[in-house]
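The following report describes a structure with attention to its packing, its side-chain pairs and its chain contacts. Please read it alongside the sequence and the coordinates shown here.

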Amino acid sequence: MKALLKTLFGDARNVAAVAAVVAVAAALTKTGHAAWAVVAMPAACLAAVGWLARS
Amino acid sequence: MDWPAFLPLFLTAGVEWVEAFTIVLAVSLTIGWAAALGAAAAGLGTLAVLTVATGGALSAGLNMQAIQFVIGVFLLLFGVRWMAKAIARQAGLKPLHDEDAEFRETRARIGRADWFAAWLVAYKGTLMEGLEVWLIVVAFSLHSRAWVSNGIAALAALLVVFTTGLAIRAPLRRVPENAIKFIVGAMIVSFGTFWTLEALAGAVWPLGDWSLLGLEAFFLAGGQALVPLVRGRRVAAA
């Protein structure tokens, strides 16, 4: 079960990183700035990848 | 036929099947090829049942927007960690995956194990490595409904890896695993980003599906730009 959960979600840092990316996209969308999310979300993803790579 | 998904599926599956093959090869030296391949087949059968059951359960009664959001997020969870590990390995922060070392570790783990314990190692190894293939096949298939072609992509990779491995009877050490994981990770993050935002905001991507190519180029270039940055930060900290 542990292996399955790890395959699906990764570790806690992985979940936190993706949650932050989705939060950025959701916040921009909900405040009427969805067009900015097109730029901000990929940038946030790349930042998340960099953060995870360093840990 | 879901052609955009074929390549990432084939490459993802290929990398995982290489690792599964290493384990099966190590076990075959204890219990013979027939038994080791039988264990691998049992693992694959379990994965097939899991795929069918998951697809049916997830498809029933959910709206497409919710499915698209869930799939997008799962692809992000999968893709960012593949990209991060590949970048960390390329930057020298983690060792490259070594199939020879994996082979020796599996041989050591089997040790003096009895026939059934060794069989279980091959079964479990195939199942565990195949779980990531399962996740990607289900994710792409729920979106495109192209279950058969996506399954074919995964099986095609299995055929290539196992026939190559059986021909040389040695760990497949020359597969550029890290490069493949980086490229596939970038593809999967691209799909995850695209679908998650589309689920949240509707048809917001400026070039529609063609935006996927732009995203892929961004993550490939950006990911490579991260390598010296990640390497440099750790050197500074040391």
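B:Thr12 has a relative accessibility of 1% in this predicted model, and because that value falls under the 20% limit, the residue counts as buried. B:Thr12 belongs to helix α1 of chain B, and a polar atom of its side chain lies 2.6 Å from the backbone oxygen of B:Pro8. Once residues up to four places away in sequence are set aside, B:Thr12 touches B:Phe78, B:Trp82, B:Ile136, B:Val184 and B:Ile188. With one of these, B:Val184, the separation in sequence is 172 residues, while the C-alpha to C-alpha distance in space is 6.5 Å.

Which contacts account for 84% of those in chain B with a separation of 6 or more? They are the contacts between residues 24 or more positions apart. The chain in which they occur has eight helices and zero strands, and its pattern along the sequence reads α-α-α-α-α-α-α-α. Of the 238 residues in chain B, 53% are buried.

Two of the residues that B:Thr12 touches, B:Phe78 and B:Trp82, also pair with each other through their rings, in a tilted arrangement with 5.0 Å from centre to centre and 35° between the planes. Both residues of this pair lie in helix α3 of chain B, four residues apart, which is about one turn of the helix, and both are buried. In a second pair, the ring centres of B:Phe140 and B:Phe191 are 4.8 Å apart and the planes stand at 80°, so this pair is edge-to-face. Here the partners come from separate helices, B:Phe140 from α5 of chain B and B:Phe191 from α7 of chain B, so the pair ties together parts that are 51 residues apart in sequence. B:Phe140 is buried with a relative accessible area of 1%, and B:Phe191 also counts as buried, at 10% relative accessibility. The two pairs are set out below.

| Aromatic pair | Centre to centre | Angle between planes | Arrangement |
|---|---|---|---|
| B:Phe78 and B:Trp82 | 5.0 Å | 35° | tilted |
| B:Phe140 and B:Phe191 | 4.8 Å | 80° | edge-to-face |

Over all chains, a search of the whole structure finds 12 aromatic pairs.

How many salt bridges does the structure hold over all chains? There is one, formed by B:Lys181 with B:Glu19, whose closest N and O atoms are 3.4 Å apart. B:Lys181 is part of helix α7 of chain B and B:Glu19 is part of helix α1 (residues 3-31) of chain B, so this pair ties together parts that are 162 residues apart in sequence.

Leaving aside neighbours within four places in sequence, B:Asn178 is in contact with B:Lys85, B:Ala86, B:Arg89, B:Gln90 and B:Leu96.

The remaining topic is the interface between the two chains. The size of an interface is often given as the accessible area lost when the parts come together. Between chain B and chain A, about 2,700 Å² is buried, with carbon and sulfur atoms giving 82% of that area. In chain B, the residues that lose the most area to chain A are B:Leu77, B:Arg81 and B:Leu200, which together give 19% of what that side buries. Counted by contact, 36 residues of chain B meet 29 residues of chain A.

As to specific interactions across this interface, the count of salt bridges between chain B and chain A is zero, and one residue pair is found in polar contact, with both residues at pLDDT 80 or more. On the side of chain B that touches chain A, the elements giving two or more residues are α3 (64-90), α5 (115-144), α7 (177-201) and α8 (211-237) of chain B. Which of them gives the largest share of that side? Helix α3(B) does, with 11 residues. Sorted by class, the side of chain B that touches chain A has 27 nonpolar, four polar and five charged residues.

How values were computed. Residues numbered from 1 in each chain as written. Chains lettered and ligands numbered in written order. Predicted model: local features only at pLDDT ≥ 70, side-chain atom pairs only at ≥ 80, totals over all residues. Heavy atoms only, no water. Contact = heavy atoms within 4.5 Å. Buried area = accessible area lost by both parts, 1.4 Å probe. Salt bridge = Lys/Arg side-chain N within 4 Å of Asp/Glu carboxyl O. Polar contact = N/O pair within 3.5 Å; in protein donor to acceptor, adjacent residues only side chain to side chain. Nonpolar A, V, L, I, M, F, W, Y, C, P; charged D, E, K, R; others polar. Phe/Tyr/Trp six-rings, centres within 6.5 Å; stacked < 30°, edge-to-face > 60°. Buried < 20%, exposed > 50% of the residue type's maximum accessible area, 1.4 Å probe, protein only.
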